[in-house]
Amino acid sequence: VVQLVEFGGGSVQPGGSLRLSCEVSGYVENRRCMAWFRQAPGKEREGVAGLSTLGGTTDYATSVKGRFTISQDNAKTATYLQMNSLQPEDTAMYYCAASPWCQATVAGRLSANKYNYWGRGTQVTVSS
């Protein structure tokens with residue numbers, strides 16, 4: 001079993017930054033792929049960033065590329081999402097997710113139905 005707990009959400013003005021943290025516990029084999037997803041009210045859950053914990057490969061949704069960075073600590077006990085140049089459209093509940101397998105395509109690695117373990121989420125609100 002993998003347990004995920006997100007931290008770091010909050011309210012920020014447009015152009016601001018936030019850093020989300022996801023504390024991870026459980027078998028390493030069950031979390032070879034980590035990702036951050038977000039879901040705004042009335043919208044589907046969207047993959048924003050993914051990370052292969054073994055090889056370090058990262059993937060990003062087009063909407064956040066160049067603004068968001070996913071990373072992990074050396075002990076692989078935490079995954080982070082650094083979010084810069086935040087815009088109102090980034091407002092959503094952000095979720096950390098883990099999977100024992102990394103899909104072969106970017107679309108697969110950012111697809112919510114490919115992830116087995118989920119945190120409860122942390123709210124990010126961007127407004128002036």
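Okay, let's start with F37: its relative accessibility is 0%, so F37 counts as buried. Keep in mind that we're looking at a predicted model here.

So what does F37 pair up with? There are three aromatic pairs in the structure. In one of them, the ring centres of F37 and Y115 are 5.3 Å apart and the planes sit at 70°, so we call this pair edge-to-face, since the planes are over 60 degrees apart. Now look at where these two come from. F37 belongs to strand β4, while Y115 is in the loop between α1 (106–109) and β10 (117–118), so this pair ties together parts that are 78 residues apart in sequence. Both F37 and Y115 are buried.

F37 also pairs with W118, and that pair is tilted, with 4.9 Å from centre to centre and 55° between the planes. Here F37 is again the one in strand β4 and W118 sits in strand β10, so the pair ties together parts that are 81 residues apart in sequence. And is W118 buried or exposed, or something in between? W118 has a relative accessible area of 27%, so it counts as partly exposed.

R45 has its charged end over the ring of Y95, 3.8 Å from the ring's centre. R45 also lies over the face of W118, and there the distance to the ring centre is 4.7 Å.

Buried or exposed, what would you guess for R38? With a relative accessible area of 7%, R38 is buried. Which side chains does R38 reach with polar contacts? One is D90, where the side chains are joined by a polar contact of 2.8 Å. Another is Y94, with a side-chain to side-chain polar contact of 2.9 Å. Leaving aside residues up to four places away in sequence, R38 touches quite a list, including E44, R45, V48, F68, E89 and M93. Notice R45 in there: R38 touches the arginine whose charged end sits over the ring of Y95.

Last stop, the sheet. Four strands make up an open sheet in the order β1-β3-β8-β7, and the pairing is antiparallel. Why do β1 and β7 each have a side without a neighbour? β1 and β7 (68–72) stand at the edges and each has a single partner strand, so one side of each is left without a neighbour in the sheet. On average, neighbouring strands in this sheet are turned by 15° against each other, ignoring direction.

Let's finish with β1, residues 3–7. L4 and E6 make up the covered face of β1, and Q3, V5 and F7 the uncovered one. How many bridges join β1 to β3? Five bridges do that, and β3 spans residues 18–25, running antiparallel to β1.

Note on methods: Residues are numbered from 1 along each chain as its sequence is written. This is a predicted model: local features need pLDDT of at least 70, side-chain atom pairs count only at pLDDT 80 or more; totals for chains, interfaces and linings use all residues. Side-chain values use heavy atoms; hydrogens and water are left out. Buried means under 20% relative accessible area, exposed over 50%, partly exposed in between (1.4 Å probe, protein chains only). A polar contact is a pair of N or O atoms within 3.5 Å; within protein, one must be able to donate a hydrogen and the other to accept it, and residues adjacent in sequence count only if both atoms are side-chain atoms. Contact means heavy atoms within 4.5 Å. Rings of Phe, Tyr and Trp (its six-membered ring) pair if their centres lie within 6.5 Å; planes under 30 degrees apart count as stacked, over 60 as edge-to-face and the rest as tilted. Helices (H or I, at least four residues) and strands (E, at least two) are DSSP runs, numbered from the N terminus. A charge sits over a ring if NZ of Lys or CZ of Arg is within 6 Å of the ring centre and within 35 degrees of the ring normal. Two strands pair if DSSP finds at least two bridges between them. Axes are lines fitted to C-alpha atoms, for helices over the stretch in contact, and angles run from 0 to 180 degrees between N-to-C directions.
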